[in-house]
Amino acid sequence: MLGSTCLGGRPAILVVDDQPEIADFLKACLDRKGDYFVAIAYEGDFALSVLSALKIDIMISDQDMPGLTGLELTKKARLIQPGIKIILHTGSPPNDVLCRASGITEVLQKPVVLAVLYEAIEKLLKKPIEKTA
């Protein structure tokens, strides 16, 4: 697995959304900041492949996707990278208990306000890694 030193020492973020326009927009916004290495996946199974190949600091995932939902993806992602921090962005009201039990670190409502997203990312990058069972 390639770590952040192979990615220019920048924190690595994986954006997962089945709507390419949303995934591409978030990647472009994060790339413009220049502080992160950003990868994208348009579906959960490909996201799991990325997680198997690259050390990801934060995964930003949509909830409602065909195949794996964001919560299902979170559970599988934690098996590959137990310390990953996960932001769920969703247009549906989240079930806080279910989100916490699944290992979601932060929930943001769609449409995501970029300033709020940047703040959540910076907060999570400073937060110690929490290993979940």
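View 1. Leu30 is buried, with a relative accessible area of 0%; buried here means under 20%, exposed over 50% and partly exposed in between, using a 1.4 Å probe and protein chains only. This is a predicted model, in which local features need pLDDT of at least 70 and side-chain atom pairs count only at pLDDT 80 or more, while totals for chains, interfaces and linings use all residues. Residues are numbered from 1 along each chain as its sequence is written, and side-chain values use heavy atoms, with hydrogens and water left out. Leu30 sits in helix α1; helices (H or I, at least four residues) and strands (E, at least two) are DSSP runs numbered from the N terminus. Leaving aside neighbours within four places in sequence, what does Leu30 contact? The list is Ile13, Val15, Tyr36, Val38, Ile60, Tyr118 and Ile121, where contact means heavy atoms within 4.5 Å. From Leu30 to Val15 it is 15 residues in sequence and 9.9 Å in space, C-alpha to C-alpha.

**View 2. Helix α1 crossing helix α5.** The axes of α1 (residues 20-33) and α5 (residues 114-126) come within 12 Å and cross at roughly 65 degrees. Those axes are lines fitted to C-alpha atoms, for helices over the stretch in contact, with angles from 0 to 180 degrees between N-to-C directions. On the α1 side, look for Phe25, Leu26, Cys29, Leu30 and Lys33; on the α5 side, for Leu114, Leu117, Tyr118 and Ile121.

**View 3. The buried side of helix α2.** Gly44, Ala47, Leu48, Val50 and Leu51 are the buried residues of α2. Why do they line one face of the helix? Seen down the axis, they fall within an arc of 160 degrees, so they share that face; the arc is that of the directions from the helix axis to the C-beta atoms. Among the elements covering these residues are β1, β2, β3 (58-62) and α3.

**View 4. The buried side of helix α3.** In α3 (residues 70-80), the buried residues are Gly70, Leu71, Leu73, Thr74, Ala77 and Arg78. They cover an arc of only 150 degrees around the axis, which puts them on the same side of α3.

**View 5. The largest nonpolar core.** This core has 22 residues, and Leu14, Val16, Leu51, Ile56, Met59 and Leu73 have the most contacts inside it. A nonpolar core is a set of buried Ala, Val, Leu, Ile, Met, Phe, Trp, Tyr and Cys residues joined through side-chain atoms within 4.5 Å. Elements giving two or more residues to it are β1 (12-16), β2 (37-41), α2 (44-53), α3 and β4 (85-90). The most come from α2, with four residues. Apart from this core lies another, of 17 residues, including Val15, Ala23, Val38 and Ile58.

View 6. Glu106 is part of strand β5. Is Glu106 buried or exposed? At 19% relative accessibility, Glu106 counts as buried. Setting aside neighbours within four places in sequence, Glu106 touches Ile86, Ile87, Leu88, Ala120, Lys123 and Leu124. Now look at Pro111, in the loop between β5 (106-109) and α5: the peptide bond from Lys110 to Pro111 is cis, with omega near -5 degrees.
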